[in-house]
Amino acid sequence: MMSDLFFSFLQIGLLSIGGGYAAIPLIQGETVLRHGWLTMQEFTDLVTIAEMTPGPIAINSATFVGLRVAGLPGMLTATLGCILPSLILVSLLAWIYGRYRSMAALKSVLDSLRPAVVALIASAGLDILHTVAFGGEAASPAHGQGADICLFAAAFFILRRLKWNPILVMSLCGAAGLALTLLAGGS
């Protein structure tokens, strides 16, 4: 169990080039599909909470999953597995970049990674949107899919057009979701 946690999050930490959003499909693959540590509903909740809490998504996910699967030792093991590749790679890359930063080939390699990262982020976002909007096991049972779609559309509009603070929008969506759940439960 501990070795599965360590190596799963070591792989996530090693292969999530491009930041936290690029790690989402990897985390989903390991925690939901491969090991079954989380359901899709729990994974969707995990991503939401990991976005709202300080720190990288992958590390927050490793900490949560490790704690859930094997308690405090699991939390430490999964988190160490997740950060170890970064510690090693960042040290190595800093040395390489410092030594070879004027080479055009290095700039070309970094520029070519961007489309792949965008595709990974889009794929993860579409999976989560599909689960919330069209049912699946992560559909919100208390107030239905229509309310979720309306909240998503309203949040998207407010963020893109009105340029509100994302933390305020997330808080308002959470409060609206809670209110809808309470209203649905009270009727």
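Student: Which word describes how helix 1 and helix 4 lie to each other?
Tutor: This is a predicted model, in which local features need pLDDT of at least 70 and side-chain atom pairs pLDDT 80 or more, while totals for chains, interfaces and linings use all residues. Residues are numbered from 1 along each chain as its sequence is written, and side-chain values use heavy atoms, without hydrogens and water. The axes (lines fitted to C-alpha atoms over the stretch in contact, with angles from 0 to 180 degrees between N-to-C directions) come within 7 Å and cross at roughly 40°. Angles under 35 degrees count as roughly parallel, over 145 as roughly antiparallel, 65 to 115 as roughly perpendicular and the rest as oblique, so helix 1 and helix 4 are oblique.

Student: How many charged residues are in the contact of helix 1 with helix 4?
Tutor: Asp, Glu, Lys and Arg count as charged, Ala, Val, Leu, Ile, Met, Phe, Trp, Tyr, Cys and Pro as nonpolar, and the others, Gly among them, as polar. The contact of helix 1 with helix 4 has 19 nonpolar and seven polar residues. The number of charged residues there is none.

Student: What is the orientation of helix 2 to helix 4?
Tutor: Helix 2 (residues 20–34) packs on helix 4 with the axes 9 Å apart and an angle of about 25°. That angle makes helix 2, relative to helix 4, roughly parallel.

Student: Which residues of helix 4 does helix 2 meet?
Tutor: Contact means heavy atoms within 4.5 Å. Helix 2 brings Gly20, Tyr21, Ala23, Ile24, Ile27 and Thr31. In helix 4 they meet Ile57, Ala58, Ser61 and Val65.

Student: How many residues does helix 4 give to the lining of the second largest pocket?
Tutor: A pocket is an open set of points on a 1 Å grid over the protein atoms alone where a 1.4 Å probe fits, with protein on both sides within 12 Å along at least five of seven lines; lining residues have an atom within 4 Å of a point. The second largest pocket holds about 590 Å³, and the closest to its centre of its 23 lining residues are Ile17, Gly18, Leu89, Val90 and Leu93. Helix 1 (2–15), helix 4 (57–100) and helix 5 (104–133) each supply at least two. Helix 4 gives the most, and its number is eleven.

Notes:
Points joined across faces, edges and corners; volume = space filled by probe spheres on them. Helix = DSSP H or I, 4+ residues; strand = E, 2+ residues; numbered from the N terminus.
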